[in-house]
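Reader: Could you walk me through how some of the helices pack here, and then look at one residue in detail?
Author: Gladly; here is the model to look at together.

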Amino acid sequence: MNYANQTWVQNFVLVGFTLTQSLQTLVFLGVLSTYLLTLAGNLFIIILVQADSGLGTPMYFFISTLSFLEVWYISTTVPTLLCTVLRGPLPVSPTVCFTQLYIFHSLGLTECYLLGVMALDRYFAICRPLHYHSLMGGQVRVWLAAASWVTGFSVALVPTCLTASLPFCQMEIAHYFCDLAPLMRLSCVGTAWHARVHGTVIGVANGCNFTLILFLYGGILRAVLRLPAAASRAKAFSTCSSHIMVVALFYGSAFAVYVGPPRGQAEGSDKLIALIYALLTPFLNPIIYTLRNKEVKEAVKRVTHRLWAVLKGC
């Protein structure tokens with residue numbers, strides 16, 4: 001580590017991953033391909049939901065909102081990951097570093113709340129089918145999505161401002177983007193209190209939403225098991241399976257990094273786990289939501305036929 005003679009460093013350095021020259025090109029192309037496929041997959045969902053009226057239900061509104069979020073979420077960290085893979089350690093100013101920290105955690109917390117809203121949507125669809133469209137009408141779903149964004153960007157101010165207020169004596173961040181635990185390791189002073197506050201804020205935000213999701217899916221499970229026909233039960237479970245997979249990926253990795261004690265983690269392990277929720281999850285979400293979804297496949301056929309008709313008319 002390099003030590004500065006002052007309590008505020010002029011620049012941080014993102015160390016990234018240490019790779020041999022033979023692996024650099026391979027990893028760079030792999031990450032770039034994953035990034036471009038993630039953008040394409042999420043933009044595909046957004047465009048398809050807008051283009052086909054058959055996907056005008058609240059569920060697909062929230063899925064398209066999640067896809068919009070994922071485009072920005074992955075774009076917050078992948079550029080610095082690509083730079084560190086290709087060129088090695090990357091200098092970043094404190095302003096850029098803390099801006100990245102804030103945006104990343106704002107989007108992450110927004111996704112946390114949005115997943116809770118999506119679980120609520122599934123609960124109303126299965127447990128309150130007769131009132132579903134009134135409970136999740138156009139204005140209601142817009143307000144729920146907007147509340148997720150506002151709350152996420154508001155809560156993220158707490159850990160960001162606390163971390164930015166620390167004096168830093170070291171400059172090398174053992175990560176590929178600016179994150180809480182790697183930054184706190186560079187502080188000149190003890191950060192136990194800051195770590196407890198971070199863990200409490202993020203833990204409460206994640207924990208409350210995760211508890212809500214478990215409660216809602218408990219209600220869904222009871223309602224589904226009461227259905228008389230096996231086919232009806234299978235259809236109900238199929239509408240929830242994609243969301244459950246996304247929740248498991250997101251919350252599992254988030255709890256591993258942000259809720260546990262920072263000192264209990266080996267230095268550098270957080271950037272490996274970060275690849276799951278910052279790169280892999282946004283890549284898998286479009287696949288999970290579309291791969292076995294008959295409604296999406298039918299929508300693709302309808303949009304393709306309309307597009308083909310327009311092209312033939314020209």
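**Helix packing and one serine**

Author: Helix 3 and helix 6 are roughly antiparallel to each other, a term used for angles over 145 degrees, with under 35 counting as roughly parallel, 65 to 115 as roughly perpendicular and the rest as oblique. This is a predicted model, in which local features need pLDDT of at least 70 and side-chain atom pairs count only at pLDDT 80 or more, while totals for chains, interfaces and linings use all residues. Residues are numbered from 1 along each chain as its sequence is written, and side-chain values use heavy atoms, with hydrogens and water left out.

Reader: What is the angle between helix 3 and helix 6, and how far apart are their axes?
Author: Helix 3 and helix 6 (residues 157-164) pack at about 160 degrees with axes 9 Å apart, where axes are lines fitted to C-alpha atoms over the stretch in contact and angles run from 0 to 180 degrees between N-to-C directions. The helices are DSSP runs of H or I with at least four residues, numbered from the N terminus.

Reader: Which residues make that contact?
Author: Phe98, Leu101 and Tyr102 of helix 3 meet Leu157, Thr160, Thr163 and Ala164 of helix 6, contact meaning heavy atoms within 4.5 Å.

Reader: And helix 1 with helix 11, at what angle do they cross?
Author: The axes of helix 1 (residues 21-51) and helix 11 (residues 294-313) come within 10 Å and cross at roughly 70 degrees, which means that helix 1 is roughly perpendicular to helix 11. On the helix 1 side the contact is made by Phe44, Leu48 and Ala51, and on the helix 11 side by Val296, Ala299, Val300, Val303 and Arg306.

Reader: Switching topic, where is Ser148 found?
Author: Ser148 is found in helix 5, which spans residues 138-155.

Reader: Is Ser148 buried or exposed?
Author: Ser148 is buried, with a relative accessible area of 3%; buried means under 20%, exposed over 50% and partly exposed in between, using a 1.4 Å probe and protein chains only.

Reader: What does Ser148 touch?
Author: Leaving aside residues up to four places away in sequence, Ser148 touches Thr110, Tyr113, Leu114 and Val117.

Reader: Last one, how are helix 3 and helix 8 arranged?
Author: Helix 3 and helix 8 are roughly parallel to each other, and the axes of helix 3 (residues 94-127) and helix 8 (residues 192-225) come within 9 Å and cross at roughly 15 degrees.

Definitions and conventions
Helices (H or I, at least four residues) and strands (E, at least two) are DSSP runs, numbered from the N terminus.
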